[in-house]
Structures are given as C-alpha cells and as structure tokens.
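Please read the points below alongside the sequence and the coordinates.

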Amino acid sequence: RPIDNVRVYILDEQRRMVPEGVQGEICIGGDGVGPGYLRDARQTADKFFPDPFGAAGEKLYRTGDLARYLPDGEIEYLGRIDTQVKIRGFRIEPGEIEATLRQLSTVKACAAIAREDQPGRKELVAYVVFQANELSTKELSANDLRAHLKKQLPEFMVPAHFVTMDAPPLTPNGKVARSLLPAPNRENAGDRVLVQPATA
C-alpha cells in the first residue's frame, strides 16, 4: 500500500484508472514527487505529467512498474513495462507468467522470455527450476505447467516451450541472466499443436 503522504494510481495507456485485477502502470503523486530530471527535459516530459486526480499544478510520476489492485485493496507488483514483449500483436508481460508459475509449490524459480531463434518466428519460452527436497512433490511435466497457466491466463500468454533447469544462469548481482538462457529443445514440445492461419 502507499506510504503516508504518497498517492498511488494504477493507470492504463490512456492514463485512466484500471479496475480491480487489471494490470496497469504505477503512477505516484503526493509530497514525494520532484519537479523532474536535472537537465533532461525529454526524460522529464516522458515521466512526469499533470495529476488529473489532484490539485492544480500537481504532477504524477510514471514509475514504469506494472501492478494490479487485489480485492483487499493491496497492490500486487507484476514486473516492468520495459520487459514487455509483443508476439503476434499481443502485448505480454513475462512477469505475469512467472508469477502464475510461482503459485505452484513445486516451482522454486522461473523465468519467461520471448525468443526469436528463427527469424520472424518469436515464441514464448518458460524456464523452470523445481524444488529439490524430500518435502516437494514430483516435478511437473510441460503439459502440467501448460494446464496450470491455461486456467489463469489467456492462450496467447501460455509459453510454447518449457525448459527444466537445475539452476538458472545469474548475473554478478544475482539476477537471472536472461540473455544466457538456452534455446529449448523443439523436438520435445509436449502437446503443443501449431495451427496454420485459415485466412489472410
């Protein structure tokens, strides 16, 4: 929730407030918002805009963070706008796929990225690390993971491939090195079915 003297709005691309459960960008208003970036008019114009919900002269700051309101009014962080990908005309937030996979008790860590290993053919790939202790249940198959995602996400957000790893490659500061994630084995794609377009 917002701290004291700070207002938080979750807005869509037209800067309208989104309803509960719908993702949007976190925009911050209130005492903590500064006048802009020092000697950077372009960045200031991009990130700061007049607060349509506040008093005259007040501004909102676009954080670049994606979130949604939960039923209890709390804000759930979903990821960064700059990690969004576009596949077949759909805007996809990999962080939302990762958050849904992490709901499974057997999943220790995961990452979702868009790959274009073949020119013009961009696909979603999910990388999963399962819990490795006697208390965890068996590893889930690609079909199990796909079925779990289909219950909560639209079809276009379900990865085409799932890669199981012992541990993901990490950057020096401990984050997943997404550029080092391996290409999936396309000969073992589970129940994935490619359907050719029926019309132009």
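1. The axes of α2 and α3 approach to within 10 Å and cross at roughly 115 degrees, where axes are lines fitted to C-alpha atoms, for helices over the stretch in contact, and angles run from 0 to 180 degrees between N-to-C directions. That angle makes α2 roughly perpendicular to α3, on a scale in which angles under 35 degrees count as roughly parallel, over 145 as roughly antiparallel, 65 to 115 as roughly perpendicular and the rest as oblique. The crossing in which α2 passes α3 is right-handed, a term used when the near helix is turned clockwise from the far one by less than a right angle, anticlockwise being left-handed. I97, T100 and L101 of α2 make the contact with L145, H148, L149 and Q152 of α3, contact meaning heavy atoms within 4.5 Å. Sorted by class, the contact of α2 with α3 has four nonpolar, three polar and no charged residues; here Ala, Val, Leu, Ile, Met, Phe, Trp, Tyr, Cys and Pro count as nonpolar, Asp, Glu, Lys and Arg as charged, and the others, Gly among them, as polar.

2. On provenance, this is a predicted model, in which local features need pLDDT of at least 70 and side-chain atom pairs count only at pLDDT 80 or more, while totals for chains, interfaces and linings use all residues. Residues are numbered from 1 along each chain as its sequence is written, and side-chain values use heavy atoms, with hydrogens and water left out.

3. Which residues of α3 are buried? In this helix, which covers residues 142-152, they are L145, R146, H148 and L149, buried being under 20% relative accessible area, exposed over 50%, and partly exposed in between (1.4 Å probe, protein chains only). Seen down the axis of α3, these buried residues fall within an arc of 160 degrees, so they line one face of the helix; the arc is that of the directions from the helix axis to the C-beta atoms. Their packing partners are α2 (94-101), β9 (121-130) and β10 (161-164).

4. For the chain as a whole, the secondary structure comes to three helices and ten strands, these being DSSP runs numbered from the N terminus (helices H or I, at least four residues; strands E, at least two). Along the sequence, the elements follow the pattern β-β-α-β-β-β-β-β-α-β-β-α-β. The C-alpha trace spans about 60 × 50 × 35 Å along its principal axes, and 35% of the 200 residues count as buried. Of the contacts between residues at least 6 apart in sequence, 52% join residues at least 24 apart.

5. P159 is buried, with a relative accessible area of 2%. Leaving aside neighbours within four places in sequence, P159 is in contact with I97, L124, V125, A126, R146 and L149. P159 and E123 are 36 residues apart in sequence, yet their C-alpha atoms are 7.2 Å apart in space.

6. N5 is exposed, with a relative accessible area of 56%, and R88 is exposed at 65%.

7. F53 lies in the loop between β3 (48-50) and β4 (59-69) and, at 33% relative accessibility, counts as partly exposed. Beyond its neighbours within four places in sequence, F53 is in contact with Y9, L11, R15, M17 and L60, and the C-alpha atoms of F53 and Y9 are 9.3 Å apart across a sequence separation of 44 residues. A114, in strand β8 (residues 107-118), counts as partly exposed at 27%. A114 and Y9 are 105 residues apart in sequence and 29 Å apart in space, C-alpha to C-alpha.
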